[in-house]
Amino acid sequence: MPYGLGIAKGMMVTLRNLVRKPVTVQYPEQRVAQHHRFRGEDFVWYEERCTGCASCAKYCPQGIIKIVTAPSGEMTQEGEKYKLEVFDIEIARCMFCGLCVEACPYDALHMGSGFERARPRQSDLVITVDELKASAKKPSTWFRPQLQDRGYDPFQPGDDVSWQDAGREKSVAPTYEEMLQRWVQGR
Amino acid sequence: MVNLPSEQITINLGPQHPSTHGVFRLRVTLDGEVITDVEPIFGYLHRGTEKLAEERTYTQIVTLTDRLDYTSSMINNQAYVLAVEKLAGVTVPPRGQYLRVLTAELQRIASHLMGVGFFLQDLGASGTPLMYCFRERERILDLFEMLCGARVTVSYMRPGGVFQEPPPEFWPAVRHLLDTTPDAIAELERLISENEIVLARTKGVGVLTKEKAIDSAVSGPNLRASGVAWDLRKADPYDVYADMDFAVPVGSNGDSYDRFLVRVMEVHQSIRIAEQCYRDMPGGPVRSELPFFFRPPPGDAYAHVEASKGELGFYLVSDGGIAPYRCKIRSPSFINLTVLAEMLIGWKVADLMVIFGSLDVNMGEVDR
Amino acid sequence: MESPFDRNGLFSGLYGFFADLTPESFAWLAYLLAGVVVVFIVINGVMLLTAFETYMERRVLGRFQTRLGPNRVGPFGLLQPFADVFKLLIKEDLRPAMADRLTFFLAPVLMVAAILLVAAVVPFGPNTFLADLNIGVLFIVGIPTIATVAMFLGGWGSGNRFALLGAARAVAMLISYEVPMIVSLAGVLLLAGSMSLVDVVEAQRLPFIVLQPLGFFVFLVAASAEMNRSPFDLMEAESELTAGFHTEFSGIRFGLLQLAEFGELVIISAVLAVIFVSGWQNPFVSPDYAQWLPGQLWFLLKLVFFLLLFTWIRATLPRMRVDQVMAFAWKALFPLAIINTLVTAVLVVAWPEPEYGQLWIMAAINWAVAIACLVLFSRFLERHRERPTASVQLVEIPAEAS
Amino acid sequence: MTEGIAGSGIFTAIWWALAVLTVACAVLVVRLQDLVKAAMALIGSFLGIAALFVMLNAEFLAIVQVLVYAGAVSILLIFGIMMIRDTQRGSPPNNLAVPAGLLSAAMLGIIVFVVLDTRWDLLGDAALTAAVAEGAEGVYSDSPPAIGSLLLREFILPLEAAALLLTATLVGAIALVRGDR
C-alpha cells in the first residue's frame with residue numbers, strides 16, 4: 001500500500017471514533033451495570049441457615065476463614081446446629097474465587113456485590129461474625145441460581161433476601177427480550 | 001573504513017519499565033542504539049504455583065491456574081481440568097464441553113486483543129489502538145462476569161465440566177457480541193494493519209525462522225507466524241474441537257508483522273468457532289458430579305491445550321491423595337521467551353520493544 | 001530608521017501613555033516600560049494558550065480513544081492545567097546524585113526561554129505582535145534550535161542512560177530536520193518577497209497552503225519532528241526510553257519541560273497559521289473583501305485548527321524508528337523541499353507580479369507537482385510492493401481423530 | 001522611536017554587559033577542564049555574539065549566528081565530545097599555554113589595528129564601486145535581500161569557491177568513512 005493511503009485510512013478510523021460516545025464512565029457518579037453474579041467482597045451470611053459445619057473454611061484455597069463454634073443444642077434435620085462464636089474472613093488475602101459459597105451445603109454463605117472496601121491497614125480487612133450478622137442481606141447470585149430465577153436483583157434498594165428465601169426453589173425466568181434489553185442494550 | 005570505537009553502554013530495561021509487560025528485566029548492552037548483548041532476567045513474579053498446587057485439592061488448584069496467564073484464565077482452567085479429567089477418568093457432558101470451547105475461544109479473542117493492543121502501544125501509538133482493543137475485550141469480560149461473577153480470575157471450569165449453567169441473559173449477550181465484534185476487529189485492521197509506519201517498523205523485524213522456532217519449541221501464534229501449520233486444536237483435538245470447522249492462519253516470513261497479523265486473523269477464526277458453539281450448543285447438564293475432595297487413582301497424566309500464547313500443558317502425578325503429588329506446568333510464554341535474546345541482537349532499542357511485544361509473553365506465566 | 005515596534009498598535013498606545021507621564025529626557029524609560037508591559041502580555045497570553053492546549057489535547061485525545069478525558073477539576077475539567085501546575089509546584093524537586101548540577105538546572109529554563117522567544121515575532125493579529133523583525137521567518141526556525149540544545153543539556157546532565165539516549169536522538173534529529181524545515185519555507189519567501197511575518201501575511205492574497213502544498217507538507221512534518229511530536233517523538237519515546245531526556249526531571253522542572261514542549265506546539269501552530277493560511281486574514285475570500293471576524297479571532301481559529309490537527313495525528317500514528325526518521329528527512333523531505341523551491345522560483349520568475357487569476361494557475365501547477373512528487377517518492381521509498389496482509393494465509397487442516 | 005533608546009546610556013550599558021559576557025564565556029571555553037561545560041560556554045559565547053549583532057541592527061547575521069553556530073556547529077561539537085570517554089578532564093592544561101597566548105596576542109593586535117585603520121563610514125567612501133556602495137546602503141535598511149544580491153552579484157566568485165571547497169570536504173569525508181562497499 002504505497003502513497004500513505006494506509007495512514008489516511010487509519011486517520012479516518014480515529015476521526016470516526018472522535019464522534020462516538022465514550023465507553024468509559026466517570027466512576028463515583030456513574031457506574032457500569034454490574035451483573036448480579038458478581039463475586040464481590042461483602043459476604044452475606046444467614047445465621048439461621050448456618051450449622052457451623054466449617055465446609056467453607058475447609059474448601060478455601062487460601063485458608064482465610066476462621067471458625068470457632070460452640071454446641072447450641074439446637075437440632076436440624078441433619079444433626080446438631082452449632083453456634084458461631086468466631087467467623088472471621090480475612091478479606092485482605094481473599095481472592096474471591098467463591099469456593100466457600102460453592103461448598104456451603106445449607107446455602108448459608110453467599111458472595112456479596114461490593115468492591116469498595118479499601119482500608120489503610122491490613123488488620124482492618126477482616127470481616128467478623130458481628131459484621132456478618134449486621135450486613136445487608138443482598139447476596140450475589142453466584143452459585144445461587146434460585147435467587148436469580150425469581151428475578152431478584154441485589155442492586156435494587158430494599159430487596160433484601162430473608163433466610164427463608166435463600167434456599168433452592170424454582171421460579172419464572174425473564175423473557176428473551178427483557179434480557180436483551182437489560183444486558184445488551186442497557187450496558 | 002575508519003572504525004570509530006565507541007563506548008558500549010549497559011542499560012537495565014525493567015523490572016520497572018513502561019513496556020516490559022509486567023516485571024521483567026532485560027540487561028541490554030548497546031553500541032550506540034544497536035543491541036550487542038542481551039541478558040533476560042526474570043523471576044520477579046515467581047509465586048511458586050507448582051509447589052502451591054501440591055498442597056491444594058484438585059478443585060482448589062483451578063483458582064491458581066487463573067493467575068498463570070491472567071489474560072487468558074479460561075484457557076488455563078481448561079488445560080488444568082483436562083489433565084485432572086484424564087487423571088481421574090472423568091467424562092464431561094457435551095454441554096459442558098461446548099461451554100468450555102465457547103468460553104475458551106472468547107478468552108482467546110480477549111487475550112489476542114490485549115496482545116495486539118500492547119504490541120501497538122509498544123510501537124508508540126499513543127494509546128488509541130490499545131483503547132480500541134480494550135473496548136472490545138471489556139465486552140468479553142462483561143460476558144465472563146455474567147458467567148461466573150469475575151472478569152479476569154474466572155475460575156469457571158471445574159473437573160468434570162464447568163461450574164454452573166450460564167444465566168439466561170448470557171445467550172443474547174453472546175449473540176450480540178458475535179454480531180458486533182467482527183466489525184470492531186475490521187475497524188482495528190483498517191486503523192493499523194496497512195499503516196505505512198507500522199509496516200516499516202515491523203516488516204522484516206525480528207525474524208524467527210521456521211527451523212529456529214521448531215528447535216526452540218516455540219509454540220502458538222509465534223510458531224504459526226514462522227510458517228509452521230501447527231495447532232493443537234487440530235493436531236490433538238480436545239473437548240469438542242474435533243467437530244469445529246475452522247482454519248489456521250499461517251505466516252510466511254516469521255517477522256513481527258506476521259506475528260501481529262496471525263493474532264488478528266486468529267480472532268476471526270475464534271469468532272467462527274464461537275458461532276458454531278452458539279449454534280450447536282446441546283442441552284443437558286454442564287458438569288458431571290464429582291465430590292469436592294476426590295482421590296484420582298495413582299498415576300500421571302499430561303494434557304495440553306492451544307492456549308492463546310502457545311501450548312499450555314499440565315502434567316499431574318497422583319499418589320492417590322486429595323492433592324496432586326506433583327504438578328508441572330509447561331507454560332508457553334516461558335518457552336517462547338527463550339528465543340528472545342537471540343532475536344534481539346543486532347537490532348535497535350526501538351526494535352527491542354517491537355520484537356518483545358510481538359512475542360506476546362505474559363510474565364505471570366513465565367515466572368509462575 | 002523604522003523600529004520593529006512601530007507597527008505594533010498596543011505598544012504605540014502604551015508608549016504614548018508612558019511618554020506623557022515621564023519627562024522628556026526619560027523617553028527611554030517610557031520605551032522600556034511599554035516594552036515590558038507588552039512582553040508581559042504576550043508571554044502570559046502564550047502561557048495561557050499553552051495551558052488551554054494541554055487541556056484540549058488531553059480532552060480531544062480522550063475522545064479520539066472513546067474515553068472521557070480530564071473532567072474533574074472545575075467545569076468540564078477546565079481548571080485541570082492549573083491543578084497540574086499546582087501539583088508540580090508542591091512536589092519534591094529531586095536531583096539525581098549523578099546529575100550535573102548546572103546543566104540540570106539550566107536545561108528547563110533555557111528550553112522555556114527559547115520557546116517564548118519565538119513568540120516575539122509571531123503576529124497574533126493586525127498590529128498585534130511584539131516585533132516585526134525583517135528576518136522573522138528565519139527567527140522562528142533558528143531560535144528553537146536553542147531548545148534542542150537545552151534538551152541535550154538536560155538529557156546529558158541527568159546522568160541517566162535513558163536520558164542520554166534521548167538526548168543523542170534529539171541532537172541527531174535537530175541536525176536532520178533543520179535543513180528541510182528552512183528549505184521548505186524558501187518557496188513562501190519567494191512568493192512573499194520578504195522574511196517579515198507581517199509581510200508574509202499581507203502577501204497572501206491566496207493562502208499559501210493553496211500555493212505551496214508541498215512546502216506546507218514538508219514544513220508540517222519537519223516541524224512535528226522538530227517539536228518532538230508523534231510520530232517523531234523519539235526523544236521521549238515512553239515505550240523505549242521511559243521518558244527520554246526528561247526521565248530524571250521532577251516537580252516544576254518537569255513542569256517547565258512540559259510547558260516548553262506544549263508551548264512549542266502552540267507557537268508552531270501559530271506559525272503555520274501565519275505562514276500558510278494567511279494569519280489574521282479571512283482565508284476564504286481575497287483580503288480585498290470584508291473580514292467577517294476580527295483578525296485576532298481568525299488567527300485563534302486557525303491556531304486551534306492546527307492544534308487539533310496535531311492531536312489527531314498523535315492519536316493515530318505509531319512512532320517511527322530513529323534511523324527511519326533520519327532517512328525520511330534526508331531521502332524524502334529534503335529533495336521534496338528543494339523541488340518545491342525550484343518550481344516556485346520558476347513560477348515567480350514567470351509571473352513576478354501575479355494577478356489574482358494567475359495565482360490560481362500557480363496553485364494548480366504547484367498542486368500537480370506536489371501530488372506527482374508525493375506519489376513518486378512514496379513509490380521510491382516503498383519496499384513492499386505486494387499487499388502487506390498477504391504474508392499470512394489461512395490453512396485448512398483436517399482435524400486428526402484423537 | 002528608536003532614538004528613544006539607541007542613543008541613551010542604558011543602550012551602551014547593555015552593549016558592554018553583553019560584550020563582557022561574551023568574552024568571559026570565550027575565556028571559559030579555554031579554561032574549563034570539563035569538555036561539555038566548555039561546549040556550553042562556547043554556546044553562551046555564540047549567543048552573546050548574536051545578541052551583539054542584534055544591538056547593531058544586524059538581525060540577519062544574529063539569527064544566522066544562532067542557527068549555524070549556536071545550533072548546528074555546537075551540536076556537532078557535542079557529538080564529537082560524546083565520542084570522548086573522559087569528558088570530565090578532557091581539556092587538561094598543557095605547556096602550550098605560553099605560545100598560544102603569544103599567538104592570540106598577536107592576532108588581537110592585528111584585529112585592533114585593522115579596526116582602527118578601517119574607515120567605517122562606508123557610505124561616504126568614494127573608493128567603493130557604485131554597486132557595492134548601493135548594496136551596503138541596502139544592508140542597513142533591509143539586510144537579507146541586500147546580502148543576497150551582494151553575494152550573488154559582486155562576490156559570486158568567492159561564494160562559489162567556498163561552495164566548491166565545502167563540497168570537496170563533504171565528498172572527502174564520505175570517502176573516508178565509506179569503507180569497501
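Colleague: A salt bridge is a side-chain nitrogen of Lys or Arg within 4 Å of a carboxyl oxygen of Asp or Glu. Which side chain of chain B meets C:Arg321 in a salt bridge?

Modeller: This is a predicted model, where local features need pLDDT of at least 70, side-chain atom pairs count only at pLDDT 80 or more, and totals for chains, interfaces and linings use all residues. Residues are numbered from 1 along each chain as its sequence is written, chains are lettered from A and ligands numbered from 1 in the order written, and side-chain values use heavy atoms, without hydrogens and water. The count between chain B and chain C is one salt bridge. With 2.8 Å from N to O, the partner of C:Arg321 is B:Asp351.

Colleague: Which helix gives the largest share of the side of chain B that touches chain C?

Modeller: Helices (H or I, at least four residues) and strands (E, at least two) are DSSP runs, numbered from the N terminus. The largest share, seven residues, comes from α11(B).

Colleague: How large is the area buried between chain B and chain C?

Modeller: Contact (heavy atoms within 4.5 Å) links 62 residues of chain B with 42 residues of chain C. Buried area is the accessible area (1.4 Å probe) that two parts lose on being put together, summed over both. Carbon and sulfur atoms give 58% of a total of about 4,400 Å².

Colleague: Which residue of β1(C) is the bridge partner of B:Val250?

Modeller: Strands pair if DSSP finds at least two bridges between them. Four bridges join β6(B) to β1 (residues 392-395) of chain C, and the two run antiparallel. In β1(C), the partner of B:Val250 is C:Gln393.
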